[in-house]
Amino acid sequence: MTDQPRILYCHCAFAQVIPKDVKQGVLERLGDAGVDFECVPDLCEMSANRDPILQQIAENPNVRIAACYPRAVQGLFVAAGHPLPQPGPEIINMRVLNAEETAAALLRPRDELPAETNVYAEAEPIETANTAGDRT
Amino acid sequence: MIATKSTPRVVLYEGTEAAPLEKALRAELLSKMLERGLPVTIARSENPLFSAANDRHEKRFVLGNFAGRFPQTATNQSDDQTAAEFRDIAGLDVDAVLSLVEELRAGVNDPSNGKRWKPWFPVIDYSRCTNCMQCLSFCLFDVYGATSDGKIQVQNESNCKTDCPACSRVCPEVAIMFPKYKAGPINGDEISTDDVRREAMKVDISALLGGDIYAMLRDRSAKAQSRFSKERDDERALKERQRCLNKLKSTAGDMEIPSEVLASLPSMDQIQSKAEIARQRAQQALAQQAKASENSENK
């Protein structure tokens, strides 16, 4: 079994902030690469829905996430009550990278250093909105 | 909070027991299923994926070019059998596969129930938030709340007004993000010292207005509506209203409140009442926060 990071791709289905050609290009490249990968329609929607899959992702540090700005992605996991571990998943920003760069970052061997350092917000675990009993 | 369930997942299986999907079919299927709100797993190996291995209760539709011979895993699973349905899509085109998926989806309990809401809501960067409660005081739509120990949190995401980032504009710490916003730092991009200085200036402007932005907006809106009601010609009246709304929008331009939100603001009395309730909730949260802090210091 390989220890190559698993891949999670967010389609950001509700907004035009990630260019369509980037999304399509990334999906095609991942499809052609012969690897396993997970696609979700929209991480924002999953965060608002407190989707249990977010917990599964947060419990697995060996993941690469293709989505948007790392600070926003971190915040979405915190908001869902499942902060990402630190150090944790590498977050690849499709708002600034093109399809080729994104796919290369997702598929590069685990031990190979990223082309560009990804910055993470130090999200402090906090009581979140899914602890309904504690609400005021 | 909206739900706490997963929607059904589609697994496009291309492992050893199925022929690979045609490249164009795979790409189009992926894109279209994601646009329809379905999570999709591409499975080529026996490697356990997040959901496939860990959540036996999540409904999954496993599609592949099985040519009539389903994988061993389809018959070996016991309690998992109820969660996974295998379907052969050999020879089907994109539309036929999508119809099949919709048919399968209709037969299960989908928490989204076919309804989709544009997930526009604030996300707090707790590494920057100082828990000042300005966002809670500012928002008239009860998006924000506080935990029992007085920590700010987003509690009612779906109450947020789509495309309105106004609360992020009143945050003095640039700690409120809207991931789908067009520009940084509100979209989650890194924050520069210029960003911090600019946001602080906006808060100062807000204070100069007496801290009651809504009152100012409502007053201007009322004047605009008054002028509108005096117009007799429908076309002219429509143009006048549009002009007034544009002027109002330009006045509140720094806040970037959409015209629809401005036009739908409640009456002045209701605004004052809501603002007062929000202020009280903020004060209550701050008191709880102080108490919690005192308790932790005494321990």
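## Basis of the description

The model is predicted, and local features are described only where pLDDT is at least 70, with side-chain atom pairs counted only at pLDDT 80 or more, whereas totals for chains, interfaces and linings use all residues. Residues are numbered from 1 along each chain as its sequence is written, while chains are lettered from A and ligands numbered from 1 in the order in which they are written.

## Chain B in outline

Chain B has eleven helices and eight strands, where helices (H or I, at least four residues) and strands (E, at least two) are DSSP runs numbered from the N terminus. Of its 299 residues, 34% count as buried; a residue is buried if 20 or more other C-beta atoms, placed from the backbone, lie within 10 Å of its own, exposed if 12 or fewer do, and partly exposed in between. Among contacts in chain B between residues at least 6 apart in sequence, 67% join residues at least 24 apart, a contact being a pair of residues whose C-beta atoms, placed from the backbone, lie within 7 Å.

Eight strands form an open sheet with mixed pairing, in the order β4(A)-β3(A)-β1(A)-β2(A)-β2(B)-β1(B)-β3(B)-β4(B); two strands pair if DSSP finds at least two bridges between them. The edges are β4 (90-93) of chain A and β4 (84-88) of chain B, each of which has a single partner strand, so one side of each is left without a neighbour in the sheet. On average, and with direction ignored, neighbouring strands of this sheet are turned by 20° against each other, the axes being lines fitted to C-alpha atoms, for helices over the stretch in contact, and angles running from 0 to 180 degrees between N-to-C directions.

The two chains meet in this sheet where β2(A) and β2(B) pair in the antiparallel sense over three bridges, and Cys39(A) has Val40(B) as its bridge partner in β2(B). Within chain A, strands β1 (residues 6-10) and β2 pair in the parallel sense over three bridges, with Tyr9(A) opposite Cys39(A).

## Buried strands

Five of the five residues of strand β1 (residues 9-13) of chain B are buried, so this strand is largely enclosed by the rest of the structure. Arg9(B), Val11(B) and Tyr13(B) lie on one side and Val10(B) and Leu12(B) on the other. Parallel pairing joins β1(B) to strand β3 (residues 60-64) of chain B through five bridges, and to strand β2 (residues 40-43) of chain B through four. Val11(B) is partnered by Val62(B) in β3(B), and Val10(B) by Val40(B) in β2(B).

In strand β2 (residues 37-40) of chain A, Phe37(A) and Cys39(A) point one way, Glu38(A) and Val40(A) the other way, and all are buried.

## Helix packing

The axes of helix α1 (residues 20-33) of chain A and α1(B) come within 10 Å and cross at roughly 130°. These two helices are therefore oblique to each other, since angles under 35 degrees count as roughly parallel, over 145 as roughly antiparallel, 65 to 115 as roughly perpendicular and the rest as oblique. Residues that make the contact include Leu27(A) and Gly31(A) of α1(A), and Ala27(B) and Leu30(B) of α1(B).

The axes of α1(B) and α4(B) also come within 10 Å, crossing at roughly 40°, and these helices are therefore oblique to each other. Among the residues that meet are Leu25(B) and Leu29(B) in α1(B), and Val97(B) and Val101(B) in α4(B). Helix α4 (residues 94-106) of chain B lies across β1, β3 and β4 of chain B, running at about 160° to β3(B).

## A loop residue in chain B

Asp149(B) lies in the loop between β6 (144-146) and β7 (152-154) of chain B, and it counts as partly exposed because it has 16 C-beta neighbours inside 10 Å. Leaving aside neighbours within four places in sequence, Asp149(B) is in contact with Gln288(B), Gln289(B) and Ala292(B).

Technical notes:
Two residues are in contact if their C-beta atoms, placed from the backbone, lie within 7 Å.
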